[in-house]
Amino acid sequence: MDKKKLAIQVLAAVLLYVVISLILEKEYTSPIIFNEVLEGLVFGLLYGVFIWFRDKWKNKKE
């Protein structure tokens, strides 16, 4: 998997996480938005690592 495709998937995951979290939170103050963005970045990092490992594992089996 190339880096561009991985980065796009991670960015989409972060964006979806933040949007859905803000909708569920129903509060849009600056500290809450900042907190949700930080949580989204952590989620995106973990998701990116998961995708990277999954891709490496899949390529080893082939």
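Start by selecting the buried residues of helix α1: Leu 6, Val 10, Ala 13, Val 14, Val 18, Ser 21 and Leu 22. The model on screen is a predicted one. An α-helix has 3.6 residues a turn, so residues three or four places apart point the same way. Keep that in mind while looking along the helix axis.

**Helix α1 from end to end**

**The core**

Which residues belong in it? There are 7: Leu 6, Val 10, Val 14, Val 18, Leu 22, Ile 32 and Ile 51. Two elements give two or more residues to this core, α1 (3-25) and α2 (30-61). Helix α1 supplies the largest share, 5 residues.

**The loop after α1**

Move to Lys 26, which sits in the loop between α1 and α2. Check its backbone: phi is positive, about 60°, although Lys 26 is not a glycine. This residue comes just after α1. Is Lys 26 buried or exposed? Its relative accessibility is 65%, so Lys 26 counts as exposed.

**Into helix α2**

Select Pro 31 next; this residue lies in helix α2. Pro 31 counts as exposed because its relative accessibility is 58%. For a distance across the chain, pick the C-alpha atoms of Pro 31 and Ile 20. These residues are 11 apart along the chain, and their C-alpha atoms are separated by 17 Å.

**A nonpolar patch on the surface**

Switch to a surface display and colour Tyr 28, Ile 33, Phe 34, Val 37, Leu 38 and Leu 41. Together they form a nonpolar patch with about 580 Å² of accessible area. One of the patch residues, Phe 34, has its place in helix α2. With a relative accessible area of 56%, Phe 34 is exposed, since the cut-off for that class is over 50%.

**The aromatic rings**

How many aromatic pairs does the structure hold? It holds 3. A pair of aromatic rings is described by the distance of the centres and the angle of the planes.

Select Tyr 17 and Phe 43 to begin. Their ring centres are 5.2 Å apart and the planes meet at 20°, so this pair is stacked. Because Tyr 17 lies in helix α1 and Phe 43 in helix α2, the pair ties together parts that are 26 residues apart in sequence. Tyr 17 is partly exposed, with a relative accessible area of 27%, and Phe 43 is also partly exposed, at 35%.

Tyr 47 has a relative accessible area of 31% and is partly exposed.

With Tyr 17, Phe 43 and Tyr 47 shown together, the ring pairs can be seen to link them into a cluster.

Definitions and conventions. Residues numbered from 1 in each chain as written. Predicted model: local features only at pLDDT ≥ 70, side-chain atom pairs only at ≥ 80, totals over all residues. Heavy atoms only, no water. Core = buried A, V, L, I, M, F, W, Y, C linked by side-chain atoms within 4.5 Å. Buried < 20%, exposed > 50% of the residue type's maximum accessible area, 1.4 Å probe, protein only. Helix = DSSP H or I, 4+ residues; strand = E, 2+ residues; numbered from the N terminus. Patch = residues over 30% accessible without salt bridge, like charges linked within 9 Å, V, L, I, M, F, W, Y side chains within 5 Å. Areas by Shrake-Rupley, 256 points an atom, 1.4 Å probe, with all protein chains shown as cover. Salt bridge = Lys/Arg side-chain N within 4 Å of Asp/Glu carboxyl O. Phe/Tyr/Trp six-rings, centres within 6.5 Å; stacked < 30°, edge-to-face > 60°.
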